[in-house]
Amino acid sequence: MTRLLKRGLNHYGLGDLDGAISCWEQARALDPENQAVHDYLETAYEENGGARKPPAPVAAGPRATG
């Protein structure tokens, strides 16, 4: 997970938005509630012309108590 985030940041720093998005999408698949991943993807998609919209973060619902 950490490697994917860092790899994405490296791609982003080099101006490779598609590469960054690819890494961060893989990271999101591993940890869909990671807010940093959602923030990175939102920025990358906006800079990429909004070609693909990232899905909204999954909100945790209320837990049933026994």
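## How H2 and H3 sit together

In this predicted model, helix H2 (residues 17-30) and helix H3 (residues 35-47) pack at an angle of about 150°. Angles over 145 degrees count as roughly antiparallel, so H2 and H3 are roughly antiparallel to each other. Their axes are 10 Å apart, and the crossing of H2 and H3 is left-handed.

Who touches whom here? On the H2 side, the residues are Leu17, Ile21, Trp24, Glu25, Ala27 and Arg28. They meet Val37, His38, Tyr40, Leu41, Ala44, Tyr45 and Glu47 in H3. Sort the residues of this contact by type and you get nine nonpolar, one polar and three charged.

## How H1 sits against H3

Now for the other pairing with H3. H1 and H3 pack at an angle of about 25°, and their axes are 12 Å apart. That angle makes H1 roughly parallel to H3, since the cut-off for roughly parallel is under 35 degrees. H1 passes H3 in a left-handed crossing.

From H1, the residues taking part are Leu5, Leu9 and Tyr12. Their partners in H3 are Val37, Tyr40, Thr43 and Glu47. By type, the contact of H1 with H3 divides into five nonpolar residues, one polar and one charged.

## The whole protein

Step back, and the protein has three helices and zero strands. Reading along the sequence gives the pattern α-α-α.

How many of the residues count as buried? Of the 66 residues of the protein, it's 26%. As for contacts between residues at least 6 apart in sequence, 37% of them join residues at least 24 apart.

## The nonpolar core

In soluble globular proteins, nonpolar side chains tend to be buried together. Here, the largest nonpolar core has 10 residues in all.

Setting aside its neighbours within four places in sequence, Ala20 is in contact with Gly8, His11 and Tyr12.

## A closer look at Ala27

Is Ala27 buried or exposed? Its relative accessibility is 0%, and buried means under 20%, so Ala27 counts as buried.

Leaving out neighbours within four places in sequence, Ala27 is in contact with Met1, Leu4, Leu5 and Val37.

## A closer look at Leu17

Leu17 lies in helix H2 too, and it is one of the residues that meet H3. With a relative accessible area of 15%, Leu17 is buried, because the cut-off for that label is under 20%.

What does Leu17 touch, beyond its neighbours within four places in sequence? The list is Tyr12, Ala44, Glu47 and Asn48. Ala44 and Glu47 turn up on the H3 side of the contact with H2 as well. Leu17 and Leu41 are 24 residues apart along the chain, and their C-alpha atoms are separated by 9.6 Å.

Note on methods
Residues numbered from 1 in each chain as written. Predicted model: local features only at pLDDT ≥ 70, side-chain atom pairs only at ≥ 80, totals over all residues. Heavy atoms only, no water. Axes fitted to C-alpha atoms, helices over the stretch in contact; angles between N-to-C directions. Helix = DSSP H or I, 4+ residues; strand = E, 2+ residues; numbered from the N terminus. Parallel < 35°, antiparallel > 145°, perpendicular 65-115°, else oblique. Left-handed = near helix turned anticlockwise from the far one by under 90°. Contact = heavy atoms within 4.5 Å. Nonpolar A, V, L, I, M, F, W, Y, C, P; charged D, E, K, R; others polar. Buried < 20%, exposed > 50% of the residue type's maximum accessible area, 1.4 Å probe, protein only. Core = buried A, V, L, I, M, F, W, Y, C linked by side-chain atoms within 4.5 Å.
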